[in-house]
Amino acid sequence: MLRIIIDMLFPSRCAACGRPVGSIQHNICSACADKIVIIQDGCPVCAGPMAEGRCKICPERAFYPSKNMAIAEYGGVMKELLHKLKFSGMRRLHVPIGRMVLNELARHAVPADIITCVPMNTRKKRKRGFNQSELIAKLVAKKSGIPYLPLMKEKRKSETQRELGLRHRFINVINRYSLKKGRLIREKTILIIDDVFTTGATINECARVLLAAGAREVFSVTVARSNITTEGSKFGKNESGEQYNY
Ligand SMILES: [Zn+2]
Ligand SMILES: [Zn+2]
């Protein structure tokens, strides 16, 4: 009854197609929810794309998390949802996304003493109003009963990764994150939550920092997996303006 009244007073719409939806559906209609492409063929270690039975990224780098999980392909409805959450301020979308993360964690039965997220520096966070990964991580923590703790901070000056090629993404994140003062994580198993996995460079660097600070093991879960194409992608530049070519 209360739901019916709430729906009449505050009608909500599907974030992807705009059709009216009941409040119980959390801004995604069932037709759009069905269109989300769930990853079936990811690398068992990093969830990255596979080619001929081998991960395209793992042979290229050391991967610090024991396992990364990724739920859906970054495209179509999923891209729309994450865009609306991040850039249109539709905070409520962290609820259906957080539920997908909870389902994924239940499927893999990953252990964790602490849940944390990839941090966002204060300037970026003030501009956006929130850190989407933090919203999702807090919801997952609340529903799973595992404590949420902000463990890391991001340096103030850090370039966005969006326009960068594969190799530069790794170089760009080295020493970008550090452990917050006074965090005691020795022998703890930590689960990092983030929104998009492209090469895993961000998650990897966070896991490296946590393990260096004494964490026993790090797992991670990312909502969506985006494919980076090495051919024809935009190349990055380092501080001296030199182009990376690979
Ligand atoms: Zn829809
Ligand atoms: Zn892999």
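The legends below describe close-up views of a predicted model.

**View 1. The site of the zinc ion (ligand 1) is tetrahedral.** Four cysteine SG atoms, those of Cys14, Cys17, Cys29 and Cys32, coordinate the zinc ion (ligand 1) at 2.3 Å. The angles among these four donor atoms run from 103 to 117°. Along the sequence the donor residues follow the spacing C-x2-C-x11-C-x2-C.

**View 2. Cys43, Cys46, Cys55 and Cys58 coordinate the zinc ion (ligand 2).** Each of these residues contributes its SG atom, at 2.3 to 2.4 Å. The site of the zinc ion (ligand 2) is tetrahedral, with angles of 103 to 113° among its four donor atoms. The spacing of the donor residues in sequence is C-x2-C-x8-C-x2-C.

**View 3. Lys35 belongs to helix α2 (residues 30-35).** The relative accessible area of Lys35 is 54%, so the residue counts as exposed; the cut-off for this class is over 50%. Met78 is 43 residues from Lys35 in sequence, yet the C-alpha atoms of the two residues are 8.6 Å apart in space.

**View 4. Helix α6 (residues 132-144) reaches 18 Å from its first C-alpha to its last.** The helix has 13 residues, and its span is close to the 18 Å expected at 1.5 Å a residue. At the start of α6, the backbone nitrogen of Ser133 has a side-chain oxygen of Asn131 within 3.0 Å. Just after α6, Gly145 adopts a positive phi of about 80°.

**View 5. Buried residues of α6 pack against helices and strands.** The buried residues of α6 include Leu135, Ile136, Leu139 and Val140. Also buried in α6 are Gln132, Ser133, Glu134, Ala137 and Ala141. The helices that the buried residues of α6 pack against are α3 (76-87), α4 (94-108) and α5 (122-128). The strands in this packing are β6 (114-117), β9 (189-197) and β10 (217-225).

**View 6. Thr202 lies in helix α8 (residues 201-212).** Thr202 counts as buried because its relative accessibility is 16%, and buried means under 20%. Apart from neighbours within four places in sequence, Thr202 is in contact with Val118, Gln161, Val173, Tyr177 and Asp194.

How values were computed. Residues numbered from 1 in each chain as written. Chains lettered and ligands numbered in written order. Predicted model: local features only at pLDDT ≥ 70, side-chain atom pairs only at ≥ 80, totals over all residues. Heavy atoms only, no water. Helix = DSSP H or I, 4+ residues; strand = E, 2+ residues; numbered from the N terminus. Buried < 20%, exposed > 50% of the residue type's maximum accessible area, 1.4 Å probe, protein only. Donors = N, O, S within 2.8 Å, 3.2 Å for Na, K, Ca; no water. Tetrahedral: all angles 85-135°; square planar, octahedral: opposite > 155°, others 65-115°. Contact = heavy atoms within 4.5 Å. Expected span 1.5 Å × (residues − 1). Polar contact = N/O pair within 3.5 Å; in protein donor to acceptor, adjacent residues only side chain to side chain.
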